[in-house]
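Visitor: I have a chain to look through with you. Please show me the sequence and the model, and then I will ask about single residues.

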Amino acid sequence: MKDQLLEKLLARVLNWEATDVAQRGGEYQAMAGLKYDEYGGYRAGEGFLENLTGWLGQMSTEDRQRAAEFVRDKLVFISTAELDHLIETAYPDVIRPALLRTAAVRLGCEPWELARIKASDEFTKLHRQTLILGLGDGAHIDQLRRTSEFSNEQFYIAPEMAESSAERMRDDLRRALDDEAALFEHVVLVDDFSASGVTMMRPRDDGSITGRLVKAKEQLDRLTDVAVVAEPNISVLLYCASEMALEHIQELLDQVEWSWHIEAIQVLPRSLRVEDSDLLEMCKKYFDDRLLDQLGAHVEVADGDIRYGFGGGKLPVVLSHNTPNNSISLLWADSRHLGGSQRGLFPRRHRHNAERP
């Protein structure tokens, strides 16, 4: 009954005829049931259809149909199940094949000689001397550990890794290999999503570089000869990233001359970016300036207006747990908690919030 009432309300908002309701109503119902109702930013008792009708209702009549078509045809919603699938493929499809290729080079054999490589002491040793470091909670290290063949003592969250933890993992490594001099040789830095790459690496005004990868490098340098060899083979693995983010990170890696390898399991192409002038105009038209004070310094970005997404991202992307601020503000900007009237279709939870200590 509730879904029928919501469908009628949606039909009223969009001025649908009976044939439209029969044809299109089921499409939005399916979107809600299959994916969008699981969005973690909804308030208790809210779902996708409730938010969709309220979101469309704040727009002018001529804008509603265009916005509804955008949601139906262009929105990219990455569900929990889809992210779980990316995590599950990380070890068998990316990490292990890379170790097999490295072992093949060391053995002096062809990479397709899998039986010989897998049976070799070289691969066994290299596999155990691999350290997996999550760059944050988004790395889902617990899930990655369960879907790999690594030891539990090969995983850690990088920002939380103290020298004592590294020493314990090193000691376990040496016992496993029966080698009192063994250290970790290969390091995989893991994170879930990057839309712009700025969180990973970004230049400061003084010309230096900062970001998660820089902090990880500093930590690995502190662990040199404690748990990690002096020049480890370092790779960065993102479960999902935009093409723009990968290019940005690679450019800065080249600039600092780090021979790190970076890749993403799922790459979001540039072609996904919202370039529709009507939609971009709607991002400005319906943006509540009350949000500018809350967003603070994050509004002042080099590549454009925050209303088009941080860094001029213009993405149509929503993650099941939150909406990236690189996506167009029409999706995530919500000012109701500030006394405003703007309603986001997928309200974003901001890490930087003046109301929280």
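Visitor: Which residue forms a salt bridge with Arg290?
Guide: This is a predicted model, where local features need pLDDT of at least 70, side-chain atom pairs count only at pLDDT 80 or more, and totals for chains, interfaces and linings use all residues. Residues are numbered from 1 along each chain as its sequence is written, and side-chain values use heavy atoms, with hydrogens and water left out. A salt bridge here is a side-chain nitrogen of Lys or Arg within 4 Å of a carboxyl oxygen of Asp or Glu. For Arg290, the closest N and O atoms are 2.8 Å apart, and the partner is Asp288.

Visitor: Is Asp288 buried or exposed?
Guide: Buried means under 20% relative accessible area, exposed over 50%, and partly exposed in between (1.4 Å probe, protein chains only). Asp288 has 12% relative accessibility, so the residue counts as buried.

Visitor: Which residues join Arg336 in one network of salt bridges?
Guide: Arg336 forms a salt bridge with Asp334, with 2.7 Å between the closest N and O atoms. Salt bridges that share partners extend this pair into one network, in which Arg336 is joined with Asp334, Glu46 and Arg343.

Visitor: How many residues apart are Asp191 and Arg212?
Guide: Their side chains meet in a salt bridge at 2.4 Å, N to O. The pair links distant parts of the chain: Asp191 lies in strand 4 (residues 184–194) and Arg212 in helix 10 (residues 212–222), and the separation is 21 residues. Helices (H or I, at least four residues) and strands (E, at least two) are DSSP runs, numbered from the N terminus.

Visitor: Why does Asp191 count as buried?
Guide: Arg212 counts as partly exposed because its relative accessibility is 30%. Asp191 counts as buried because its relative accessibility is 1%.

Visitor: Which backbone oxygen lies 2.6 Å from a polar atom of the side chain of Ser327?
Guide: Ser327 sits in the loop between strand 9 (317–319) and helix 14 (329–332). Its relative accessibility is 0%, so Ser327 counts as buried. A polar contact is a pair of N or O atoms within 3.5 Å; within protein, one must be able to donate a hydrogen and the other to accept it, and residues adjacent in sequence count only if both atoms are side-chain atoms. The oxygen at 2.6 Å belongs to Val317.

Visitor: Which backbone oxygen does the side chain of Asn322 reach?
Guide: Asn322 is in the loop between strand 9 and helix 14. Leaving aside neighbours within four places in sequence, Asn322 is in contact (heavy atoms within 4.5 Å) with Tyr39, Pro347, Arg348 and Arg349. At 2.9 Å, its side chain reaches the backbone oxygen of Arg349.
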